[in-house]
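Student: I have a model open and want to go through it with you. Can we start with the strands and then move on to charged pairs and a helix?
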There are 2 protein chains.
Amino acid sequence: MHDAISRLGYVRHRAPRGGAGRRSDQVVAIVVCEPAHRLFTEPFYARMITAAEEVLTGHGVPLAVMTATAATSTIAAPPLVAGGVDGVLLISARDRHPLAVTLAASGIPVRSAGRPPDGIDLPHVDMDNRDGGRQAAEHFLLGGRRAIGVIAGPPGLPASRDRLDGFVQTLALAGMTGVPVAYGDFTHSSGVHGMQWLLRRMPHVDAVFAASDVMAAAAIQTLRRTGRRVPDDVAVIGFDDAPIARRTSPTLTTVRQPVEEFAALATRLLLLSMTSADLPRNNPMLPTELVVRESA
Amino acid sequence: MHDAISRLGYVRHRAPRGGAGRRSDQVVAIVVCEPAHRLFTEPFYARMITAAEEVLTGHGVPLAVMTATAATSTIAAPPLVAGGVDGVLLISARDRHPLAVTLAASGIPVRSAGRPPDGIDLPHVDMDNRDGGRQAAEHFLLGGRRAIGVIAGPPGLPASRDRLDGFVQTLALAGMTGVPVAYGDFTHSSGVHGMQWLLRRMPHVDAVFAASDVMAAAAIQTLRRTGRRVPDDVAVIGFDDAPIARRTSPTLTTVRQPVEEFAALATRLLLLSMTSADLPRNNPMLPTELVVRESA
């Protein structure tokens with residue numbers, strides 16, 4: 001981290017001050033690997049893009065946002081590879097995403113916000129998702145919970161896998177194996193379905209770790225509808241510390257990821273790689289932190 | 001309109017039923033001519049994109065969203081023109097937007113949601129913004145208001161100009177000229193500044209027409225902070241009928257534009273032009289309607 005920060009100072013020094021002098025020759029694309037409507041239903045993206053745009057605007061660099069699923073990579077790939085863009089900030093790349101593969105081979109400056117899928121070599125910034133999972137598991141263990149389930153994120157997304165691995169491996173160290181895992185896609189409805197699946201599988205569940213706050217809020221709502229009390233009967237921990245974590249009833253215990261700092265750091269490192277050709281490779285990881293509120 | 005609808009029936013007939021059979025050979029881009037963060041701060045875009053995606057998904061056509069300001073048109077233009085995309089839905093194109101010019105010359109199927117800027121010839125769908133302005137002006141006149149100001153949208157956006165023209169011309173027919181106009185950019189802060197400007201210019205203002213609900217809500221807040229009562233001292237009319245119109249205090253009288261219907265119609269006409277080469281030109285216009293609540 002210190003290494004990254006000191007180099008960021010270098011970027012700031014070289015960039016036009018106060019954003020007055022625009023680098024008119026450079027443009028950046030932010031590519032979100034999701035269907036279009038997810039920009040509006042997943043608050044993570046609004047936070048990421050707004051924070052990244054603030055950094056770019058401060059450096060006088062205009063940007064465009066693109067969404068690109070596997071099916072629409074044909075739209076996003078050509079301008080990125082053909083030189084229409086001087087740098088790409090890639091968000092939420094999944095396994096075998098054609099665009100991530102193309103970008104890795106293109107030689108264009110890219111920074112992935114989130115560890116890229118296995119086998120794809122891209123400079124990146126990551127959150128310590130694994131340690132976030134660990135903290136959630138330890139909190140349940142310390143609270144005496146013993147019938148524990150998970151509502152995980154999409155298995156093709158590295159951040160999802162890391163949250164799940166850190167959680168499950170910590171429980172395994174305490175001798176708990178065979179933890180039931182429902183897979184969701186971070187949406188409210190997938191949180192409801194995941195919780196219903198866990199309840200069928202495990203009617204006496206006493207703790208649930210959900211890989212996003214939106215899914216955790218859905219789990220709380222579903223548990224209450226079946227007459228269960230949160231946290232008395234079932235403890236719930238989310239992931240994000242999004243604004244919704246303060247609005248659930250009870251308020252949500254969750255793993256905070258520093259989204260704005262994450263976006264800003266990834267953007268600054270991208271800018272750095274656009275101005276200096278021969279940098280040592282550096283993939284910083286930001287810490288996550290359990291925030292204890294009422295739900296667990 | 002009837003002509004447009006009957007042709008839509010034809011599209012539906014030819015499209016795969018229930019979205020099961022994807023047209024794997026076609027992709028569509030939605031291009032929003034705005035800085036990236038505006039996707040999240042202007043609710044109009046979430047409504048437009050979500051509605052358009054629903055239509056496309058129903059036809060099995062994947063889409064990507066792009067934002068493109070004048071400065072970032074270099075990102076968006078190449079894939080659109082080079083054949084990476086089979087159709088473009090263009091939203092909120094401003095005067096002299098380089099991308100709108102490029103698209104008009106490209107021969108690729110394009111549908112502009114909103115009348116394109118003067119001098120750019122693109123098939124489009126429009127709202128009757130001018131008539132919305134007329135309805136707002138008549139409501140003020142019927143209510144006996146005589147010291148009337150406007151917080152308009154960006155003058156480079158055709159929809160803004162039409163709202164303003166319809167409003168000002170209706171007042172002129174009643175013998176009211178020289179109506180003061182503050183220009184905003186649809187944001188809350190520009191609504192505050194616009195209202196403050198009007199109050200300095202016209203301390204005894206008794207009615208304000210704002211070109212968006214977000215700006216109207218800002219105007220109400222600003223008026224109340226100066227001790228003025230809405231609508232007793234100053235009547236306020238907005239434009240959109242966005243969800244915020246029901247949450248202001250007092251609730252907002254506003255000109256409703258049918259956003260979802262608008263996006264769906266534009267998308268269906270775009271799909272039609274992608275499948276049938278030689279269609280007669282048709283640029284339908286959807287009606288707007290004054291919704292009277294408490295603020296005027």
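Student: How many bridges join strand E10 of chain B to E12(B), and do they run parallel or antiparallel?

Tutor: Before the answer, note that this is a predicted model. Three bridges join E10(B), residues 253-256, to E12(B), and the two strands run antiparallel.

Student: What is the bridge partner of Thr254(B) in E12(B)?

Tutor: Thr254(B) has Val291(B) as its bridge partner there.

Student: Which strands make up the sheet, and in what order?

Tutor: The order is E7-E6-E8-E9-E10-E12 in chain B, six strands in an open sheet with mixed pairing. At the edges are E7(B), residues 181-183, and E12(B), residues 289-291, each of which pairs on one side only. On average, neighbouring strands of this sheet are turned by 20° against each other, with direction ignored.

Student: Which strands does helix H6 of chain B lie across?

Tutor: H6(B), residues 129-142, lies across E6, E8, E9, E10 and E12 of chain B. Relative to E9(B), the helix runs at about 165°.

Student: Is Asp126(A) buried or exposed?

Tutor: Asp126(A) counts as buried, at 4% relative accessibility. Arg115(A) is partly exposed, with 24% relative accessible area.

Student: Which residues are linked with them in a network of salt bridges?

Tutor: The network links Asp95(A), Arg115(A), Asp118(A), Asp126(A), Arg130(A), Arg161(A), Asp162(A) and Asp165(A).

Student: Back to chain B. What does Glu34(B) form a salt bridge with?

Tutor: Its partner is Arg94(B), and the closest N and O atoms are 3.0 Å apart. Glu34(B) lies in the loop between strand E1 (28-32) and helix H2 (38-41), and Arg94(B) in the loop between strand E3 (87-91) and helix H5 (98-106), all in chain B, so the pair ties together parts 60 residues apart in sequence. Glu34(B) is buried, with a relative accessible area of 6%.

Student: And what about Asp165(B), which residue does it form a salt bridge with?

Tutor: Asp165(B) pairs with Arg130(B), with 3.7 Å between the closest N and O atoms. This links helix H7 of chain B (158-173), which holds Asp165(B), to H6(B), which holds Arg130(B), 35 residues apart. Both residues are partly exposed: Asp165(B) has a relative accessible area of 27%, and Arg130(B) has 36%.

Student: Last topic, helix H9 of chain A. How many of its residues are buried?

Tutor: Ten of its 13 residues are buried, so H9(A) is mostly covered. Among them are Asp213(A), Met215(A), Ile220(A) and Leu223(A).

Student: What covers the buried residues of H9(A)?

Tutor: The cover includes helices H3 (43-58) and H8 (188-201) of chain A, along with strands E6, E8, E9 and E10 of chain A.

Student: How far does H9(A) reach from its first C-alpha to its last?

Tutor: H9(A), residues 213-225, reaches 18 Å, close to the 18 Å expected at 1.5 Å a residue.

Student: And what is the phi of Gly227(A)?

Tutor: Gly227(A), which follows H9(A), has a positive phi, near 85°.

How values were computed
Residues are numbered from 1 along each chain as its sequence is written. Chains are lettered from A and ligands numbered from 1 in the order in which they are written. This is a predicted model: local features need pLDDT of at least 70, side-chain atom pairs count only at pLDDT 80 or more; totals for chains, interfaces and linings use all residues. Side-chain values use heavy atoms; hydrogens and water are left out. Two strands pair if DSSP finds at least two bridges between them. Helices (H or I, at least four residues) and strands (E, at least two) are DSSP runs, numbered from the N terminus. Axes are lines fitted to C-alpha atoms, for helices over the stretch in contact, and angles run from 0 to 180 degrees between N-to-C directions. Contact means heavy atoms within 4.5 Å. Buried means under 20% relative accessible area, exposed over 50%, partly exposed in between (1.4 Å probe, protein chains only). A salt bridge is a side-chain nitrogen of Lys or Arg within 4 Å of a carboxyl oxygen of Asp or Glu. The expected span of a helix is 1.5 Å times one less than its number of residues.
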